[in-house]
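Hi everyone, thanks for coming. Let's take a friendly look at the inside of a protein together.

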Amino acid sequence: MKLLVILCGLLLCYACQPQNRNTQPRTRSITDALGRKVVLQDSIQRIVCIRASAIRLVTYAGGVPFICGVEEQECRPNEYTHILAHPELARKPIIGPSMGGDAELILTVCPDVIFMSATTVEDADALQTRTNIPVFTIEYGDLHRNRPCFYQSLRQIAQVLHTERHTDSLIQFIDEQIAELRQRTTSSTHTPKTYVGGISYRGQKGITSTDPYYAAFQFIGADNVASCIDSTYISPINGTYIDREQLFEWDPEIIFIDTGGLPLVKEDLRKQKKLNSLLSAYRNRRIYTLWPYNNHHANFEIMLINAWYAGKILYPEQFLDISIPDKADEILTRFVGHPITEQLTHHWGNYRNLFNKIH
């Protein structure tokens, strides 16, 4: 059966080729994230994206109309912003499992290029040789320290797909949002000690899972108590964890909980009320939720929305004019193309003070 599917796919690929065999399509060479020179058709019509949410970066860069097949996890029930904004993607042909797809299934959808993240030169070359389809590598970066890497990936995708205007507009929007967040908070005379817990890394984690480089805090100049952690104990892949005693020693005035780890945190807070009362944030009812940004790799649009909500909590006077649902819809529209705040709220709940929920 699988052989029949592959043969049908190869026939489709043949049918997709220009009918005049004497006319060769125009090509160009573009350097990818790993420094490989990739020869591509000038006009790209069909693409697939494999590994570590390459599909999300392509969505940011305006590439949804080009996607002709998806990895299997995109079709399962999920909370991915790019799927909620573009449910038609979940109905595309499956090109294999997550983290690499399947070369034979990729061939059946006849892409002009394969976007591949979290890979090596050897793996990218091997897949390109096996499929005879250009493989273009991209790197994820992040929204703070490695933002230039993120922007470079967006620009490389746009160069391949000719979506430069869309991508340049998004990059300008991100820079403007971060600049406004900083402008609103730089004049504050008091910055509360702040902590974020419950950060998900390969599954739910409790309150002792944190992020010393939490970008939303960086944008608003928050005093992230975890920022003093030695870099040797910090891993963007496996996570950063502290002892509970360390949290008591830091005693942050305000605690934020990533909704991804909320079930574990709520259970812990219910069981250890006396111990938790040692925390100022617990005694003063200053525990708040943030939406999960580590959801099938980092969601940069969610991190930016989190920054606006954290700003309203830490500096209420400077953010009186901001409606979080409206701001979220604005950001989501620019990143994934549609205002899906209501759908995300259905999955994750409203941003809220958690204290009344744990008593």
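Which residues are buried in helix 10 (residues 262-271)? First, a word on what you are seeing: this is a predicted model, where local features need pLDDT of at least 70, side-chain atom pairs count only at pLDDT 80 or more, and totals for chains, interfaces and linings use all residues. Residues are numbered from 1 along each chain as its sequence is written, and side-chain values use heavy atoms, leaving out hydrogens and water.

Back to helix 10: Leu 262, Val 265, Asp 268 and Leu 269 are buried there. Buried means under 20% relative accessible area, with a 1.4 Å probe and protein chains only. Helices are DSSP runs of H or I with at least four residues, strands are runs of E with at least two, and both are numbered from the N terminus. These four cover an arc of only 130° around the axis, so they sit on the same side of helix 10; the arc is that of the directions from the helix axis to the C-beta atoms. The buried residues of helix 10 pack against elements including helix 9 (244-250) and strand 11 (254-258), where contact means heavy atoms within 4.5 Å.

Now please find Thr 167, in helix 7 (residues 164-185). Is Thr 167 buried or exposed? Thr 167 counts as buried because its relative accessibility is 1%. Not counting residues up to four places away in sequence, Thr 167 touches Ala 61, Leu 154, Arg 155 and Ala 158.

Finally, Phe 256: among the residues Phe 256 touches, leaving out those up to four places away in sequence, are Phe 217, Tyr 288 and Tyr 309.

How values were computed. Buried < 20%, exposed > 50% of the residue type's maximum accessible area, 1.4 Å probe, protein only.
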